[in-house]
Amino acid sequence: TSTGRPQNNPNTSYIRRNSSFRTSLSVDAGLTYQKQIDDHGLTFTFFATSEKYKNEAFAAEKLGATNPDGFVFDLATGTESVTSGFDYTDTRIGTIGRVQYNYKGRYLLSSSIRRDGSSKFRSDNQWGTFPSISGAWNISDEPFWQSLKRTVNNFRFRVSNGSVGNDRIRSYSFSPGIVQDINYVGFDGANESLNLGSSQVNFANELLKWETTTTSNVGIDLGFFKNKLTIAAEYYYADKKNMLFPVFLPLSAGGPDNASVTLNVGNMINKGAELTIGYRGRTGKVNWRMNGTFSTNENEITKIDGDTDFLFTNDFGLVGRAPDQSRVTALAVGHEAGAFYLWTTNGIIDTEEKLANYQLLDSNAQMGDVMFNDNNPDGVLDDNDRVYSGSGLPKFEIGYTLNANWKSFDFSMNWYAA
């Protein structure tokens, strides 16, 4: 794409061209073998996948574009420059082997193990292993259930436990970038000179490794009156370990404003229940189906690595010019991810007495300022004075959908509440 901003001043007018080229390649292959021995069924499956994503980008600019009709570089007469974009190549390789067993379609067992590799981690941390197992019992296929099958035609009990990996981080987060053409002043003992140099301009963490989530489920599925009414209920517990998360760094670390580094920050759990009820029917020539859902989720940070139990998230604050002071969400042990941590206030400075007292905490305070509470109290107003103030996580969620059709017409609606 090309952009331009012709002006009378050649030092502020320019022609710029941005270019970006992205490619992706994915290869999948699999084998399946099935064997039936009397009432016993076995299925062996193996799949492998390979993915590669590549991005190349650059931007070129030339100053002195005083011709309002010109959008090519030759029509600009000033200084030209070319900069690279964020070029990267990401590769992933995944393999999975699965064994499935069933007896008369009544007892079902499945076990798998997958091995994934990602170029987003250093070579000694690139591979992760993620096993899983699940089982189900079709109770409605048992002989003792036959007398109830006209009413409850389907009854299944199921359990599962399995883990998956996550590598969704910025490319090369494990390797610091070096930028050329960083000028510096040298001194040979007699004279100063301007020399070309290189510098590290971002932070990296070579210890990064896979984030792993292990989820356990137990549930039942019910079907009544030939599945006219269906009910599914489930309880889940998800344990997330080595969470990948960007963490802001203070200016004292040597980076610019909002400098961050990606870390395996700690562990988190999610647990809750889900209930789904569906009903289908026919009124005249109108066929319709409705579904209702109800779910709960409890979220808690159980561990933060390092010497702290509190980290701000990567929100950029409510006030753009004061991101450090106006960030409000954090990761804190014992609370939800993204919990609100706020300063509490104690009114407005509207008397000389209040001003004098508050200036003991903030020497720059003035009449009319908000008074913040020193909640520790240590005589200093800082992030340690923030207090937990809830979160945006709902206690429950409710959903409702209705679909109906008549001849060539259909109607649907969705409702959601929390």
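Rings of Phe, Tyr and Trp (its six-membered ring) pair if their centres lie within 6.5 Å; planes under 30 degrees apart count as stacked, over 60 as edge-to-face and the rest as tilted. The model is predicted, so local features need pLDDT of at least 70 and side-chain atom pairs pLDDT 80 or more, while totals for chains, interfaces and linings use all residues. Residues are numbered from 1 along each chain as its sequence is written, and side-chain values use heavy atoms, without hydrogens and water.

**Exercise 1.** Classify the ring pairs Phe-224/Phe-225 and Phe-294/Phe-396.

Solution.
- A search of the whole structure finds 15 aromatic pairs.
- For Phe-224 and Phe-225, the centres are 6.4 Å apart and the planes stand at 45°, so this pair is tilted.
- Phe-224 is buried at 17% relative accessibility (buried is under 20% relative accessible area, exposed over 50%, partly exposed in between; 1.4 Å probe, protein chains only).
- Phe-225, with 48%, is partly exposed.
- For Phe-294 and Phe-396, the centres are 5.8 Å apart and the planes at 25°, so this pair is stacked.
- Phe-294 belongs to strand E18 (residues 286-296) and Phe-396 to strand E26 (residues 396-406), so the pair ties together parts 102 residues apart in sequence. Strands (E, at least two residues) are DSSP runs, numbered from the N terminus.

**Exercise 2.** Which residues do ring pairs link into a cluster with Tyr-341, and what is the bridge partner of Tyr-341 in E25?

Solution.
- The cluster consists of Phe-310, Phe-312, Tyr-341 and Tyr-388.
- Next, take the open sheet of four strands, whose order is E20-E21-E22-E25 with antiparallel pairing; two strands pair if DSSP finds at least two bridges between them.
- Strand E20 (310-312) and strand E25 (387-388) are at the edges with a single partner strand each, so one side of each has no neighbour in the sheet.
- Strand E22 (residues 339-342) pairs with E25 in the antiparallel sense over two bridges.
- Tyr-388 is the bridge partner of Tyr-341 in E25.

**Exercise 3.** Find the rings that lie under the charged end of Arg-170 and under Arg-386.

Solution.
- The criterion is that NZ of Lys or CZ of Arg is within 6 Å of the ring centre and within 35 degrees of the ring normal.
- Arg-170 has its charged end over the ring of Phe-86, 3.8 Å from the centre.
- Arg-386 lies over the face of Trp-343, 4.0 Å from the ring centre.
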